[in-house]
Amino acid sequence: QVQVVESGGGLVQAGGSLKLSCAASGSIASISSMGWYRQAPGKERQLVATITTAGDTNFLDSVKGRFTISREYAKNAVYLQMNSLKPEDTAVYYCTVRAYTTTIVPRDYWGQGTQVTVSS
């Protein structure tokens, strides 16, 4: 059907930077939007950033000015550049893709997650 794979997580000191990458493949007719969610231990999953086909973006308030989201349309890829990282950014980050296959209504597909750990 549709596969989503993310990478780029790791360990970084507070104030450092990381870039996450995600690519979608499979029976994709078109992609409506792509984005990133994160989940810390014992906490609910929260939206970090999204980007639509039109280029509209949305960010979690706490990451505005620090994170940037971008797409590479030809590769069905999305990236999350994370700067000025804080310990509270520590979480598993998940890539999500809202895509059409053979359906008239799109559905969401998820990657397996990549760990981001920010030390103080």
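This is a predicted model: local features need pLDDT of at least 70, side-chain atom pairs count only at pLDDT 80 or more; totals for chains, interfaces and linings use all residues.
## Overall fold

The chain contains 11 strands and 0 helices. Read from the N terminus, its elements therefore follow one another as β-β-β-β-β-β-β-β-β-β-β, where strands are runs of at least two residues assigned by DSSP.

The chain has 120 residues, and a compact globule of that length would have a radius of gyration near 14 Å; the value for the chain is 14 Å, so the two agree. Along the principal axes, the C-alpha trace extends over about 45 × 25 × 25 Å.

Contacts show how the fold brings together separate parts of the sequence.

## The disulfide

A disulfide is a covalent bond between the sulfur atoms of two cysteines. In this model the count is 1 disulfide. The bond joins Cys22 to Cys95, with a distance of 2.0 Å from S to S. Distant parts of the chain are linked in this way: Cys22 belongs to strand E3 (residues 18–26) and Cys95 to strand E9 (residues 91–100), and the two cysteines are 73 residues apart. The angle about the S-S bond is -80°, and the link between Cys22 and Cys95 is left-handed.

Are the two cysteines buried or exposed? A residue counts as buried when its relative accessible area is under 20%. Cys22 has a relative accessible area of 2%, so Cys22 is buried. Cys95 has a value of 0%, and Cys95 is therefore buried as well.

## Burial, surface and charge

Of the 120 residues in the chain, 38% count as buried. The accessible surface of the chain amounts to about 6300 Å², and carbon and sulfur atoms account for 49% of that area.

The chain carries 11 positive and 8 negative charges. The mean position of the positive charges and that of the negative charges lie 2 Å apart.

## A loop residue: Ser62

Where in the chain is Ser62 found? Ser62 lies in the loop that runs between strand E6 (57–59) and strand E7 (67–72). The relative accessible area of Ser62 is 41%, which means that this residue is partly exposed, since that class covers values between the 20% limit for buried and the 50% limit for exposed.

Ser62 can also be compared with Asp89 in sequence and in space. The two residues are 27 residues apart in sequence, and their C-alpha atoms are 9.3 Å apart in space.

Note on methods:
Residues are numbered from 1 along each chain as its sequence is written. Side-chain values use heavy atoms; hydrogens and water are left out. A disulfide is a pair of cysteine sulfur atoms within 2.5 Å. Helices (H or I, at least four residues) and strands (E, at least two) are DSSP runs, numbered from the N terminus. Buried means under 20% relative accessible area, exposed over 50%, partly exposed in between (1.4 Å probe, protein chains only). The radius of gyration is taken over C-alpha atoms; the globule rule is 2.2 Å times the number of residues to the power 0.38. Accessible areas come from the Shrake-Rupley method with a 1.4 Å probe; for residues, only the protein chains shown count as cover. Lys and Arg count as positive and Asp and Glu as negative; His and the chain ends are not counted. The place of a charge is taken as NZ of Lys, CZ of Arg, CG of Asp or CD of Glu.
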